[in-house]
Amino acid sequence: MNYNIAVIAGDGIGPEIVREARKVLDAAGAKYGFTLHYTDLLMGGASIDVHGIPLTDETIEAARKSDAVLMGSIGGDAKTSPWYQLPPEKRPEAGLLKIRKSLNLFANVRPAYLYEELKGACPLKDEIIGDGFDMVIMRELTGGLYFGERKTVEENGEKKAIDTLTYSEGEIRRIAKRAFDIARKRRKKVTSVDKANVLDSSRLWRSVVEEVAKDYEDVTLEHMLVDNCAMQLVRDPKQFDVILTENMFGDILSDEASMVTGSIGMLSSASLNETKFGLYEPSHGSAPDIAGKDLANPIATILSAAMMLRYSLDLDEAADAIEAAVKQVLKDGFRTGDIMSEGCTQVGTAKMGDLIAERIR
């Protein structure tokens, strides 16, 4: 079996963590009988340096023709990088928004799982953690405030900024269906998060989600206001199975969920369209302060690669093997600096990739 994978290493630590993910994918391919052909593409700051813009039409087309996209990280230091002297539409993150929209990647899936071996890195008390937690955040990715009309005007002698939050029934329905489908394969519970006590968009969101829920009688639906959800994530994360929410709320809540797992360097992410096609990336940023120092944790990217095998390529056995290899490496006491604890062996980015690949072979 042969598959074509578009690879966007990106900026900062991106090239390092993608290198390790490819190493692990190739080990899985050798064992389970498939071959991945990689096409390297530019996006973000790396694209600005070459093309003057964060994402070219040629890159979009090459990505669209692939079976899936594996990505590292986008962006740099906003205080020092010349990329952030450019207009907003030409900065690195604009490329990320554009590729999501261009490829119709409306469903962002972010698992947040607490490994037994990393309980010590979790900032929550033991009585809160209990036996751990395992949730998925389903974030709508191509609508809402980030994609609404925006402008800055001058009124009565002062500047006024306007950002517009809009959602259609169709946009809400398709992400809700994805959330219920995933919940049906897990613990059969969806928590829909909104701000329906204030926002019209949230009241529509709640109404459409309730309509979708009628087709999933085996799945429990609950509604939760976003401020309460932010509190509940640190008070009792075990209560959540699938969290369904809109773009901005999902952006914030998924980062909060990542930190209660102990390290954002552990969290994978998939952005899917209505087919099997998806873009797979770690939930963390480009960490330019440690780029090139062999310090970055590649596990989030490696687990994102496993999600790619599962969701886009239907290679579940190989995906299981990668996830099992990650657990075994942690059980064997190996850690990168961000998840290091007493009694463990600290390793760098490349060594962590080697260790995981070895446990697949």
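A cavity, on a 1 Å grid over the protein atoms alone, is a set of points where a 1.4 Å probe fits but cannot get out. The structure holds one cavity of 30 Å³ or more. The model is predicted: local features need pLDDT of at least 70, side-chain atom pairs count only at pLDDT 80 or more, and totals for chains, interfaces and linings use all residues. Residues are numbered from 1 along each chain as its sequence is written, and side-chain values use heavy atoms, with hydrogens and water left out.

**Annotated domain**

- An unreviewed UniProt entry carries the annotation "domain: Isopropylmalate dehydrogenase-like" for residues 4–356. UniProt positions are given in the numbering used here, feature names are shortened, and annotations may be inferred rather than shown by experiment.
- The span of residues 4–356 is 40% helix and 20% strand, and its end C-alpha atoms lie 23 Å apart. Helices (H or I, at least four residues) and strands (E, at least two) are DSSP runs, numbered from the N terminus.

**The sheet**

- Ten strands make up an open sheet of mixed pairing, in the order β2-β1-β3-β12-β11-β4-β5-β10-β8-β9. Two strands pair if DSSP finds at least two bridges between them.
- At the edges stand β2 and β9 (220–225), each of which pairs on one side only.
- From one strand to the next, the twist averages 25 degrees; axes are lines fitted to C-alpha atoms, for helices over the stretch in contact, and angles run from 0 to 180 degrees between N-to-C directions.
- Seven bridges link strand β1 (residues 2–10) with strand β2 (residues 35–41) in the parallel sense. Asn4 has His37 of β2 as its bridge partner, and Ala6 stands opposite Thr39 in β2.
- Between β1 and β2 the chain passes through helix α1 (residues 14–32), and this β-α-β crossover is right-handed. The term applies if, with the strands pointing away from the viewer, the path from the first strand over the helix to the second runs clockwise.
- β1 also runs parallel to β3, to which five bridges join it; here Ile5 stands opposite Ala68.
- β4 and β5, by contrast, pair in the antiparallel sense over seven bridges, and Ala107 has Glu140 of β5 as its bridge partner.

**The largest pocket**

- The largest pocket has a volume of about 890 Å³. A pocket is an open set of grid points with protein on both sides within 12 Å along at least five of seven lines, and lining residues have an atom within 4 Å of a point. Grid points are joined across faces, edges and corners, and a volume is the space filled by probe spheres set on the points.
- Its lining has 26 residues, of which Pro111, Val136, Met307, Arg310 and Tyr311 are the closest to the centre.
- Two or more lining residues come from each of β4 (107–113), β5 (134–140), α6 (169–184), α10 (299–311) and α11 (316–331).
- By class, the lining of the largest pocket holds 13 nonpolar, two polar and eleven charged residues. Ala, Val, Leu, Ile, Met, Phe, Trp, Tyr, Cys and Pro count as nonpolar, Asp, Glu, Lys and Arg as charged, and the others, Gly among them, as polar.

- The lining of the second largest pocket divides into ten nonpolar, eight polar and seven charged residues.
- Under "binding site", the unreviewed UniProt entry lists Arg100, Arg110, Arg139 and Asp227. These residues are spread over 128 residues of sequence and also in space, up to 26.7 Å between C-alpha atoms.
- Of the listed residues, Arg100, Arg110 and Arg139 belong to the lining of the second largest pocket. Arg110 lies in strand β4.

**The cavity**

- The largest cavity has a volume of about 50 Å³. Its lining includes Leu165, Tyr167, Val193, Asp194, Trp205 and Phe249.
- β8 (189–194) and α7 (200–213) each supply at least two residues of this lining, and the largest share, three residues, comes from α7.
- Six nonpolar, two polar and two charged residues line the largest cavity.
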